[in-house]
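Please look over the structure below before reading on, and keep it in view while the paragraphs lead you from one part to another.

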Amino acid sequence: MSRYLRKLAAGLGRREDHSDRQAPVHRLVSEMAASDPSAIAIRDGNRDITRGELLDRSGFLAERLADRGVERGAVVAARLDRSPEHIIACLAILRAGGAFMSLDPTDPVERARSLIADAGAAAIVTDDVRAADHPDIAVVVSQERRRRSVEFPFDIDAEDLAYIAYTSGSTGSPNAAEITHGNLINLVNWTHEAFDISENDRVSLSLGLAFDAAIWELWPALTAGATVHVMSDIVRNSPKLLYRELLDQGITIATVPTAIAEALIAMDWPADTPLRYLLTGGDVLRAYPRRDLPFDLVNNYGPTECTCEATWALVPAGTANNRGLPAIGRPIGGVAIHLLDEAQRPVPPGTEGEIWIAGKSVGRGYRNKPALTAARFRPDPFSGVRGARMYRTGDRGRLLANGEIAFCGRGDRQVKIGGVRIELNEIALALQTHADVATAIVTAPETDGGRSLIAHIVPTDPSRPPGAIELRRFLYDRLPRAYIPRAFICIDAVPLTRNGKIDFAALPTPASDERPVRCGDDLSLAERRVADIVGDVIGVDHVVLDDNFFLLGGQSLQATEVVVRCREVFAVKIELSDLFEADTIGAFAARIEARIAQHVAQLSDEEVRAALRS
């Protein structure tokens, strides 16, 4: 445990200012590269990118962006797979004076285009294949290098934009939170001090690229000279594979979604595990570490609008039975937390209030939405600093006796599933654009398996209600996969309480027998095993091979489990992209059969006979 964590864990208060470094993060990365160009900056499987190569390639790309008209303060999108190229793109955008916005490469093309248009992006950095989706503004990442003799002559100010990140919006369109260089460097400085990050650390990059918490994984590590290890999609979404990778690669600091963290701390770890800190956040943490866990578990809380993290808690060993749920802790450096009532007055300790965030992490507001910005970003009457603002989170909390904050839930229609903040009304409004849907209500009931999205539909024509597969396919082209409901239930009318509000308790639950019909008996052995695995993982009794995995209700974490189990059963190399790119479950099975045939073709006659005997 770092000295900083020991001090705060002992209840000795929080530190307002922890470093006087105010240079933008790309300048700090350049300084680290100049100090040791041959040191490894990024490791992606068997591929290493040195600090010098990172600086050269990002400098060359920054020149190309400048040639395309990217100027100081311009927004540039990055739509790339999880790879060193994504990191190079973001660094290049900053070095060109711009602000980056990371897009999820698995999102539908139309959604990517919509976000790019909404942000007014001047360009998009992407690969050869995706460049065709954005013909007028695409800049393709290349392997080309050119060493620059001078840095770009931009005097970046703390109030200049560093990046924008989209969050779910209640009006049906996402909101772009604007985060400045001053916001970002405050997070970086605090993280360096709190966790003693240095050139000796190996830090995982395992969160979704469009998830703003990936900012926290990346920039403190690069600016401290630590090596960033890019975790593949199949590894980062599987606790078992991630456990092995963290040990094999000697990772010292890892950040993972809450569900993954709960699985990891339940595993048995060697006493000499290199991991120092396992950080998590995004969802409500429901588990405590054992006393023999050889690393510290840190629970974090913070909205996108406030630069990823606003509070942290060093989670002690114990159980929820005698401690309740783990707290979200105390403010990070440079941040203040206020628990207020409806009149924006502080509530007494132990009393539940709304969480308002103030200080250096509070972003600029929402891009191109001044009314929404004014509603959520209010003047801060508590700081005494002229022009200071605080952000209204919509979350509820209460101050505990030890000075930490307990999270008490949301006060609106937003939920977090798999670390993704989802506005339920955004899904409902998207559904209501379907010609056969008159009204839609989306809920996220909590079960033993966690939260899942359920859509209740009032059809335009009750005699011809739209089917679940049709509605999933409709949403699949418009929303991220995490937003696709698990079940669709048709109802005659929206149930109301006596005062005219929606009666959520009266909404019906999904029927267990609402499943597609199984294919015939003419399936191959591989098709039958794949169908069984898919059905078992997503809880579908009857699987049709002509269906798309995600349109059946499968989610990303479940996709990882399917791929891991198929690897174990078929003993051939299968990637998460095989399932993501396959139009149908049958096509996924066909890919597996092709890999099996390829593997068998490479065996010698003796190996084939041995395999048949076994």
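Which residues in H15 are buried? In H15 they are Ala526, Val530, Ala531, Ile533, Val534, Gly535, Val537 and Ile538, where buried means under 20% relative accessible area, with exposed over 50% and partly exposed in between (1.4 Å probe, protein chains only). This is a predicted model, in which local features need pLDDT of at least 70 and side-chain atom pairs count only at pLDDT 80 or more, while totals for chains, interfaces and linings use all residues. Residues are numbered from 1 along each chain as its sequence is written, and side-chain values use heavy atoms, with hydrogens and water left out.

Helices (H or I, at least four residues) and strands (E, at least two) are DSSP runs, numbered from the N terminus. Helix H15 covers residues 525-538, and its buried residues pack against helix H16 (556-570) and helix H18 (585-601), contact being heavy atoms within 4.5 Å. Just after H15, Gly539 takes a positive phi of about 75°.

Turn now to an open sheet of three strands, which has the order S24-S27-S28 and mixed pairing; two strands pair if DSSP finds at least two bridges between them. The edge strands, each pairing on one side only, are S24 (437-443) and S28 (487-490). S24 and strand S27 (residues 454-459) run antiparallel and are joined by six bridges, and Thr439 stands opposite Val458 in S27.

Helix H13 (residues 424-431) packs on this sheet and touches S24, S27 and S28, its direction making about 160° with that of S24. Such angles run from 0 to 180 degrees between N-to-C directions, with axes as lines fitted to C-alpha atoms, for helices over the stretch in contact.

Note on methods:
The expected span of a helix is 1.5 Å times one less than its number of residues.
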